[in-house]
Amino acid sequence: MTAPTPGGRVPDARISAEQAIVHGFDHLAPHYDRMIGVIERLAFGRHRGWVGARARGRVLELGVGTGLNLPHYGAAVAEVIGLDLSGQMIARARARARDLGTAGRTDLQVGDVQRLDLPGSHVDTVVSTLTFCTIPDPQAAADESARVLRPGGRMVLVEHGPSTRRWLTGAMARVDPAFQRWAHDHLLRDPVPYVRRAGLVVDKVERRGVGGVVFRVLAHRPH
Ligand SMILES: C[S@@+](CC[C@H](N)C(=O)[O-])C[C@H]1O[C@@H](n2cnc3c(N)ncnc32)[C@H](O)[C@@H]1O
């Protein structure tokens, strides 16, 4: 049994949500591209080209994973800073950048997007794809994104969340606890309220994919 501290509180012996994500995604990393490829084909659709076409200047990618968006950044992108909690996911993203010949403009690091080690107004674009569903404190990530975006800078999101069909949202609600527990995935997390509460202006929300479960979001930091 865990001994109480002098203050009377029992220290929490469980691992943190962040440690669980590292553990889970380090193990998933070798299989991630195949798995997400199937899900995109069957349910989400293809959105990485849409994201890449909207990124400009210095880009911060939240939860960059294995770097599946890297091939889609064009000449308008000067630099990509990609952060992820999982070292194994980052190792694959670095290998992809090397294979693409873009390692020189790409800085891929293990890091926590809930506490960014970047100055304010540092980036032109913040990108997040399929990551808000996993971040333990999405409001902290949205607030940090707003802080590091320059005024007028853009946030580009492709995330999944509740369906536009009530029956599908109901079905998702039944399996959501298992997804949260085993895949660190909140199936029903709508990303838009976090972005608004962070003080960003939401310019566009499009619903895509099977039952509208995919949210394509464009927002910007006001001047
Ligand atoms: C479902 S994957 C998505 C990866 C990638 N964005 C993509 O589109 O394929 C979610 C990623 O978010 C990362 N992640 C979760 N919470 C994070 C945090 N607080 N800071 C940085 N990365 C985080 C996980 O390690 C994982 O690689």
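Hi everyone, a word on naming before we look around: helices are DSSP runs of H or I with at least four residues, strands are E runs of at least two, and both are numbered from the N terminus. Residues are counted from 1 along each chain as its sequence is written. Please keep in mind that this is a predicted model, where local features need pLDDT of at least 70 and side-chain atom pairs count only at pLDDT 80 or more, while totals for chains, interfaces and linings use all residues.

Let's start with the ligand. Which residues come nearest? Of the 20 residues around the ligand, they are F25, G63, G65, V113 and T129; a residue is near if its C-beta atom, placed from the backbone, lies within 6 Å of the molecule. Helix α1, residues 17-44, and strand β2, residues 77-84, each bring at least two residues to this shell, and α1 gives the most, with three. By class, the shell holds eleven nonpolar, seven polar and two charged residues. Here Ala, Val, Leu, Ile, Met, Phe, Trp, Tyr, Cys and Pro count as nonpolar, Asp, Glu, Lys and Arg as charged, and the others, Gly among them, as polar.

Now follow β2 onward. It runs parallel to β3, residues 106-110, and five bridges join the two; strands pair if DSSP finds at least two bridges between them. L83 stands opposite Q109 in β3. Together with helix α3, residues 87-100, β2 and β3 make a right-handed β-α-β unit: with the strands pointing away from you, the path from the first strand over the helix to the second runs clockwise.

Back to α1, which also packs against α3, at an angle of about 35° and with the axes 7 Å apart. The axes are lines fitted to C-alpha atoms over the stretch in contact, and angles run from 0 to 180 degrees between N-to-C directions. On the α1 side we find F25, D26, A29 and Y32, meeting G87, Q88, M89 and R92 in α3, where contact puts C-beta atoms, placed from the backbone, within 7 Å. This contact has four nonpolar, two polar and two charged residues.

Most residues other than glycine have a negative phi. S121, in the loop between β3 and β4 (123-129), has a positive phi near 55°. L130, in the loop between β4 and α4 (138-148), also has a positive phi, of about 55°.

Is L130 buried or exposed? L130 is buried, because 20 other C-beta atoms lie within 10 Å. The cut-offs are 20 or more for buried, 12 or fewer for exposed, and partly exposed in between, with C-beta atoms placed from the backbone. S121 has 14 within 10 Å, so S121 is partly exposed.

Conventions. Contact = placed C-beta atoms within 7 Å.
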